Amino acid sequence: QVQLVESGGGLVQAGGSLNLSCAAPGRTFSIGSIGWYRQAPGKQREVVAFISSGGNTDYADWVKGRFTISRDNAKNTVYLQMNNLIPEDTAVYYCAAARNLYYQPASWGQGTQVTVSS
């Protein structure tokens with residue numbers, strides 16, 4: 001099972017941006033297809049975006065162009081660029097191996113906290 005580590009979260013004002021990273025330290029072969037997910041306080045975890053090993057992307061409808069998922073295969077890292085952040089984006093963000101946008105991962109890492117202030 002792929003051990004993934006999320007980073008890049010923090011506190012940002014509404015309208016700001018953050019770029020989250022998802023990597024597998026020590027892994028020498030591709031981390032494969034990856035999904036980004038988030039869980040806000042008191043809410044169920046939801047999918048944000050998906051990227052295949054070949055670079056095809058898919059997004060939850062609510063993303064509406066604010067977020068971009070990408071990957072750097074040379075660094076074996078997947079990114080989630082988040083722009084025009086709003087307080088409702090406050091959540092713990094997770095990445096996980098996924099087969100498609102609708103895949104439900106069986107396990108999770110620690111995630112990275114994103115807090116958007118108004």
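Reader: What makes Tyr 79 part of a strand, and which strand is it found in?

Author: Tyr 79 is found in strand 8. Strands here are DSSP runs of E with at least two residues, helices are runs of H or I with at least four, and both are numbered from the N terminus. This is a predicted model: local features need pLDDT of at least 70, side-chain atom pairs count only at pLDDT 80 or more, and totals for chains, interfaces and linings use all residues. Residues are numbered from 1 along each chain as its sequence is written, and side-chain values use heavy atoms, leaving out hydrogens and water.

Reader: Why is Tyr 79 called buried?

Author: Buried means under 20% relative accessible area, exposed means over 50%, and partly exposed lies in between (1.4 Å probe, protein chains only). Tyr 79 has 17%, so it counts as buried.

Reader: What does Tyr 79 touch?

Author: A contact means heavy atoms within 4.5 Å. Not counting residues up to four places away in sequence, Tyr 79 touches Asn 19, Leu 20, Ser 21, Trp 36, Thr 68, Ile 69, Ser 70 and Asp 72. Ile 51 is 28 residues from Tyr 79 along the chain, and their C-alpha atoms are separated by 9.7 Å.

Reader: What does the side chain of Thr 112 reach?

Author: It reaches the backbone nitrogen of Gly 9 at 2.9 Å. Thr 112 lies in strand 10, residues 112-117. With a relative accessible area of 9%, Thr 112 is buried. Among its contacts outside four places in sequence are Glu 6, Gly 9, Leu 20 and Tyr 93.

Reader: Why is Asp 89 called buried?

Author: Its relative accessible area is 0%, so Asp 89 counts as buried. Asp 89 is in a loop, between strand 8 (77-82) and strand 9 (91-97). Its side chain and that of Arg 38 are joined by a polar contact of 2.8 Å. Other residues touched by Asp 89 include Trp 62, Arg 66, Phe 67 and Val 114.

Reader: How many helices and strands are there in the protein?

Author: Zero helices and ten strands. The pattern along the sequence is β-β-β-β-β-β-β-β-β-β.

Reader: How do you know that the radius of gyration agrees with a compact globule?

Author: The radius is taken over C-alpha atoms, and the globule rule is 2.2 Å times the number of residues to the power 0.38. For 118 residues a compact globule would be near 13 Å; the protein has 13 Å, so the two agree. The C-alpha trace spans about 40 × 25 × 25 Å along its principal axes.

Reader: What share of the 118 residues counts as buried?

Author: The share is 43%.

Definitions and conventions:
Polar contact = N/O pair within 3.5 Å; in protein donor to acceptor, adjacent residues only side chain to side chain.
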